[in-house]
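Student: I would like to learn how to read a model of this kind feature by feature. Please give the general idea each time, and then the case at hand.

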Amino acid sequence: IDYIYSPQIVLLFTMANFLAGIPFLNEVAEAVPSMDFEGQKLAEKLYQSVIVLFAVVGFFWSYYCEQFVQTIYILGAGVLLACLLVIPPWPMFMRHPLQWQKPSETAAKVAGTKKKEKRN
């Protein structure tokens with residue numbers, strides 16, 4: 001079967017292979033702390049609140065100035081501010097870490113027997 005690849009797909013695969021070949025990239029990704037579930041919920045509420053607030057203020061300001069472009073500028077500033085507040089893994093987003101359970105011996109044995117069954 002002959003497949004026809006679009007240039008975008010070829011470029012995407014080329015970039016993915018290039019990035020996968022950079023050895024320190026995985027170390028950087030593992031070093032960055034991640035948000036917990038409550039932090040994700042807080043980030044989403046914060047992002048939405050900032051954008052809605054800036055949209056409402058921008059609308060009324062542009063109505064007052066009689067220039068719609070002011071709404072776009074103010075909303076763009078709100079999006080940038082929201083991104084600065086939400087995208088970095090700030091400590092306020094990591095206040096509720098998950099307590100993972102240690103694997104039990106029976107679960108490890110069951111997993112081991114399933115692997116042995118698949119090999120046969």
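Student: Which pattern does the chain follow, read along the sequence?

Tutor: Helices (H or I, at least four residues) and strands (E, at least two) are DSSP runs, numbered from the N terminus. Here the chain follows the pattern α-α-α-α-α, with five helices and zero strands. Please keep in mind that this is a predicted model, in which local features need pLDDT of at least 70 and side-chain atom pairs count only at pLDDT 80 or more, while totals for chains, interfaces and linings use all residues. Residues are numbered from 1 along each chain as its sequence is written, and side-chain values use heavy atoms, with hydrogens and water left out.

Student: What share of the 120 residues of the chain counts as buried?

Tutor: Buried means under 20% relative accessible area, exposed over 50%, and partly exposed in between (1.4 Å probe, protein chains only). By that criterion 12% of the 120 residues are buried. Areas come from the Shrake-Rupley method with a 1.4 Å probe, where for residues only the protein chains shown count as cover, and the chain exposes about 10,800 Å², of which carbon and sulfur atoms supply 67%.

Student: How many residues does α3 have, and what does α3 reach from its first C-alpha to its last?

Tutor: The expected span of a helix is 1.5 Å times one less than its number of residues. With 29 residues, α3 reaches 42 Å from its first C-alpha to its last, close to the 42 Å expected. At the start of α3, a side-chain oxygen of aspartate 36 comes to within 3.4 Å of the backbone nitrogen of glutamate 38, and α3 is followed by glutamate 66, whose phi is positive, near 60°.

Student: Which helix do the buried residues of α3 pack against?

Tutor: Contact means heavy atoms within 4.5 Å. The buried residues of α3, among them Gly39, Val50 and Gly58, pack against α4 (69–86). Threonine 71, which is placed in α4, is buried, with a relative accessible area of 10%, and threonine 71 touches Gly58, Phe59 and Ser62, not counting residues up to four places away in sequence. A polar contact is a pair of N or O atoms within 3.5 Å; within protein, one must be able to donate a hydrogen and the other to accept it, and residues adjacent in sequence count only if both atoms are side-chain atoms. In this model, a polar atom of the side chain of threonine 71 lies 3.1 Å from the backbone oxygen of glycine 58.

Student: How many aromatic pairs does the structure hold?

Tutor: A pair of aromatic rings is described by the distance of the centres and the angle of the planes. Rings of Phe, Tyr and Trp (its six-membered ring) pair if their centres lie within 6.5 Å; planes under 30 degrees apart count as stacked, over 60 as edge-to-face and the rest as tilted. The structure holds two such pairs. Phenylalanine 59 and phenylalanine 60 are edge-to-face, 5.5 Å centre to centre with 70° between the planes. The rings of tryptophan 61 and tyrosine 64 have centres 5.7 Å apart and planes at 35°, so that pair is tilted.

Student: How many residues apart are tryptophan 61 and tyrosine 64 in helix α3?

Tutor: An α-helix has 3.6 residues a turn, so residues three or four places apart point the same way. Tryptophan 61 and tyrosine 64 are three residues apart, about one turn of the helix. Tryptophan 61 is partly exposed, at 41% relative accessibility, whereas tyrosine 64 is exposed at 65%.
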